[in-house]
Amino acid sequence: MFENLNMWEVGALLLLALLIFGDRLPAVISDGLRMVRNLRNMARNATTDLSKELGTDIQLEDLHPKAFIRKHLLSEEDEQAIRKPLQGVYDNLRADVTNVHNDLKEVATAADPRTPGTSSTGGGTATPAPAPRAANYDEVT
């Protein structure tokens, strides 16, 4: 929730809260935490009641409309019928991406001068790898 705020902004918000609420700040924080606990309990009770009414096990995540429809109203055959037209497109796209990835690997291997037996000039003869260079001038002399 606050991931886009830096340390100074959080500090400024805390200082502002202290100025607004003053000595009542601990009471306000405890009231806020109590409210969050009550909301969680209400959500838990609602899912329990809904599970009892429908006769299935429902989690809080299942209350999202798309997840609810997918899990409780669609049969597996219906879900497969919905996915079938898109599966072929997905498979073709996956194969194309794999082919492009393999082609790029081959090009990178062919263009790499450190790979023995390949040449970027296409002359067919392998160029030897350059000798390692000395670390400093004293090693050369």
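Author: The model is predicted. Asn-6 sits in the segment that precedes helix 1. The side chain of Asn-6 comes to 3.1 Å from the backbone nitrogen of Trp-8. With a relative accessible area of 40%, Asn-6 is partly exposed.

Helix 1 covers residues 7-21. Leu-16 belongs to helix 1, and its relative accessibility of 45% makes Leu-16 partly exposed. Leu-16 also takes part in a nonpolar surface patch of about 410 Å², together with Leu-13, Ile-20, Phe-21 and Val-28. Helix 1 provides the largest share of this patch, 4 residues.

Next come the charged pairs. The count of salt bridges is 2. One of them joins the side chains of Asp-31 and Arg-34, with an N to O distance of 2.9 Å. Both residues lie in helix 2, which spans residues 25-54. Asp-31 and Arg-34 are 3 residues apart there, so about one helical turn separates them. Asp-31 is partly exposed at 42% relative accessibility, and Arg-34 is partly exposed at 43%.

Another salt bridge links the side chains of Arg-114 and Asp-112, at 3.3 Å from N to O. Arg-114 has a relative accessible area of 70% and therefore counts as exposed, since the cut-off is over 50%. Asp-112, at 22% relative accessibility, is partly exposed, because buried would require under 20%. As for the pairing itself, side chains of opposite charge can pair when their charged atoms come close.

Conventions
Residues numbered from 1 in each chain as written. Predicted model: local features only at pLDDT ≥ 70, side-chain atom pairs only at ≥ 80, totals over all residues. Heavy atoms only, no water. Patch = residues over 30% accessible without salt bridge, like charges linked within 9 Å, V, L, I, M, F, W, Y side chains within 5 Å. Areas by Shrake-Rupley, 256 points an atom, 1.4 Å probe, with all protein chains shown as cover. Salt bridge = Lys/Arg side-chain N within 4 Å of Asp/Glu carboxyl O. Helix = DSSP H or I, 4+ residues; strand = E, 2+ residues; numbered from the N terminus. Buried < 20%, exposed > 50% of the residue type's maximum accessible area, 1.4 Å probe, protein only. Polar contact = N/O pair within 3.5 Å; in protein donor to acceptor, adjacent residues only side chain to side chain.
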